[in-house]
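Student: Hi, I have just opened this one and would like a careful walk through it. Could we take it piece by piece?

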Amino acid sequence: MKREDIAGILQAYKAGILPEGEALDKLAEMPFEEMRFAEIDHHREMRQGMPEVIYAAGKTPEQVRDIFASLYEHSEGNLLATRANREHYEKVLEKVPEAQFDEMARAIYLDRDKSLERDEKHNILIMTAGTSDVPVAEEARLTAYLFGNSVHTCYDCGVAGIHRLFAHLPEIKAANVIIVIAGMEGALASVVGGLTNKPVIAVPTSVGYGASFQGVAALLSMLNSCAMGVSVVNIDNGFGAGALASKINKLR
């Protein structure tokens, strides 16, 4: 639901095309849709520029299907369901056959908004310390892309072989916002933060052996970074990093 939709209803009512009762009914439907198991926020697109994003984990395939279908019908922007599996996807296809599934990102999505202009001069760079961090990185990449950003990636360039990182200095310098994703001790975020004057969003992952405490060690390391301009999101939260990077990238 966008501002233009509300303006269209008001103009139709003003012109006498739409009766007052019908106009009120349409406006009453807009804020949210009450389902037995969810209340769908159809004003999210108007407030934040993209329809509500579905967190699929913990939801049944039927619930994800019905929420996805409702957003499809009541919005015009790109759609995204994170932490989804193939069973969720097969159900969504029953009502939205155009939907796609990214197995690495664990996401169901619909890339349909043709009005988005992805500016190569203001791009987001996503870096991972290791290949095991890539699923979280792909969630961040897909999120940022669907929000209308140009996104570049540099994977498996952690501090264990720091020469690999230095090979990507041109990409680091060219980026407008950088997302750094790392498990283990999470040192990559501090190193990258010390190499750039651009904002760095650090994402700790649950990758690592026992004393990494499922990402807590990397989280604490990133929170204690001495590099200037490093912010931190929650463990494995690729979506949160992609959404925040998009907001920063679109500030002009």
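Student: Okay, which residue has its backbone oxygen 3.0 Å from a polar atom of the side chain of T128?

Tutor: That is G130, whose backbone oxygen lies 3.0 Å from a polar atom of the T128 side chain; a polar contact here is a pair of N or O atoms within 3.5 Å, where within protein one must be able to donate a hydrogen and the other to accept it, and residues adjacent in sequence count only if both atoms are side-chain atoms. Keep in mind that this is a predicted model, in which local features need pLDDT of at least 70 and side-chain atom pairs count only at pLDDT 80 or more, while totals for chains, interfaces and linings use all residues. Residues are numbered from 1 along each chain as its sequence is written, and side-chain values use heavy atoms, with hydrogens and water left out.

Student: And which backbone nitrogen does the side chain of T128 reach?

Tutor: The T128 side chain reaches the backbone nitrogen of D156, at 2.9 Å.

Student: Is T128 buried or exposed?

Tutor: T128 is buried, because its relative accessible area is 0%, and buried means under 20% relative accessible area (1.4 Å probe, protein chains only).

Student: Where is T128 found, and what does it touch?

Tutor: T128 sits in strand β7, residues 123-128, a strand being a DSSP run of E with at least two residues, numbered from the N terminus. Leaving aside residues up to four places away in sequence, T128 touches several residues, including D133, V134, Y155, D156 and L188, where contact means heavy atoms within 4.5 Å.

Student: Switching to pockets, what is the volume of the largest pocket?

Tutor: The largest pocket has a volume of about 210 Å³. On a 1 Å grid over the protein atoms alone, a pocket is an open set of points where a 1.4 Å probe fits, with protein on both sides within 12 Å along at least five of seven lines, and lining residues have an atom within 4 Å of a point. Grid points are joined across faces, edges and corners, and the volume is the space filled by probe spheres set on them.

Student: Which residues lie nearest its centre?

Tutor: Of the 17 residues lining the largest pocket, A129, G130, D133, G183 and M184 lie nearest the centre.

Student: What about the volume of the second largest pocket, and which domains does its lining draw on?

Tutor: The second largest pocket has a volume of about 160 Å³, and its lining draws at least three residues from each of domain 1 (32-115) and domain 2 (124-250), with bounds that come from an automatic or database domain assignment. Among its lining residues are Q48, N78, F147 and K250.

Definitions and conventions:
Helices (H or I, at least four residues) and strands (E, at least two) are DSSP runs, numbered from the N terminus. Buried means under 20% relative accessible area, exposed over 50%, partly exposed in between (1.4 Å probe, protein chains only).
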